[in-house]
Amino acid sequence: MPSTDFSWSIPIMRAGYAGRGLVYLVVAGFSLYAIWLGGQAQGTSSALEQLENTGWGMIVLFLIFLGMVAYAIWRLIDAYYDLEDYGAETKGLVARAGMLVTGLVHLAIGFSAFTLLFAGGGGGGDSESTITDAVATVMGWPAGRWIVGIVGLIILGAGGYYVHKAWKEKYREELRANHFTEQWNFMLKAGLAAQGAIIAIIGGLFLYAAWRANPDEAGGLDGAFDWLTGQPYGQVLVAAVCVGLLGFALFCFVNAAYRIIPKAEGDDIETLGARLEAKARRAIG
């Protein structure tokens, strides 16, 4: 058992991952519906604004707001107390810094949902114009293009990390072993890979914006969907990515239910990775 009781953090973690899953479920769901009707995939802000106009949208927006705040708080305490035992070496510090960044990003999504709840009328703002404005401001600084380029490299690296984590199935070390996680492992892998691909495209857009010195080239999820649409068989690619993001929503929900927090739960819990490795050894032997 851990020497300090961090069990109080587990409900926050579960609420945070559930809220994150809800966001991607909404984005992927609305995007696939729009593509089915012959339209375009929806970014986060657009999907939330559409959600506002549904009969049950306000309840879901409130749940998203609570979930995003919980996720931001979870990332803060996770990074501060190193609950997932990344360590204090360079690699661990980079991972913990990344937690703070993702926490802030999801907190911004939470505030978008909050604004839609209490301002109405699309008060959540356009995330793409916000990104463009921010990039334009940074480019106006000394060495601003370099800063945007470095940010793009970091985002691209994060996307590559997600894809690598999916390919090597490293996420299995963070999940409890049970019938559900074993049977749905392929969807968890596909979902995490799709998320990594989208993040990598966003990083590439930032790099391209820095190279062209044009902040309009940078973008978030909307920008990534637009770029994919412009490729050969673009709509098919976007639809495939959206299906993958449904898998990532499932990945988030599974983490909400079965994620292992070493310093909060101890290290004596069988992980999905350990069980599958044991099965592989038995099959070979």
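The legends below describe close-up views of a predicted model. Residues are numbered from 1 along each chain as its sequence is written, and side-chain values rest on heavy atoms, with hydrogens and water left out. Local features need pLDDT of at least 70 and side-chain atom pairs count only at pLDDT 80 or more, whereas totals for chains, interfaces and linings use all residues.

**View 1. The aromatic pair of Phe-6 and Tyr-81.** Rings of Phe, Tyr and Trp (its six-membered ring) pair if their centres lie within 6.5 Å, with planes under 30 degrees apart counted as stacked, over 60 as edge-to-face and the rest as tilted; the count by this rule comes to 15 aromatic pairs. Phe-6 and Tyr-81 form a tilted pair, 5.1 Å centre to centre with 50 degrees between the planes. The pair links distant parts of the chain, 75 residues apart, with Phe-6 in the segment before α1 (9-36) and Tyr-81 in helix α3 (residues 57-81), helices being DSSP runs (H or I, at least four residues) numbered from the N terminus. Phe-6 is buried at 11% relative accessibility, while Tyr-81 is partly exposed at 34% (buried is under 20% relative accessible area, exposed over 50%, partly exposed in between; 1.4 Å probe, protein chains only).

**View 2. The aromatic cluster around this pair.** Phe-6, Trp-8, Tyr-80 and Tyr-81 form one aromatic cluster.

**View 3. Cys-242 and Cys-252.** A search of the whole structure finds 0 disulfides, a disulfide being a pair of cysteine sulfur atoms within 2.5 Å. The sulfur of Cys-242 lies 15 Å from the closest cysteine sulfur, in Cys-252, and is therefore too far for a bond. Cys-242 is buried, with a relative accessible area of 0%, and Cys-252 is buried, also at 0%.

Definitions and conventions: Helix = DSSP H or I, 4+ residues; strand = E, 2+ residues; numbered from the N terminus.
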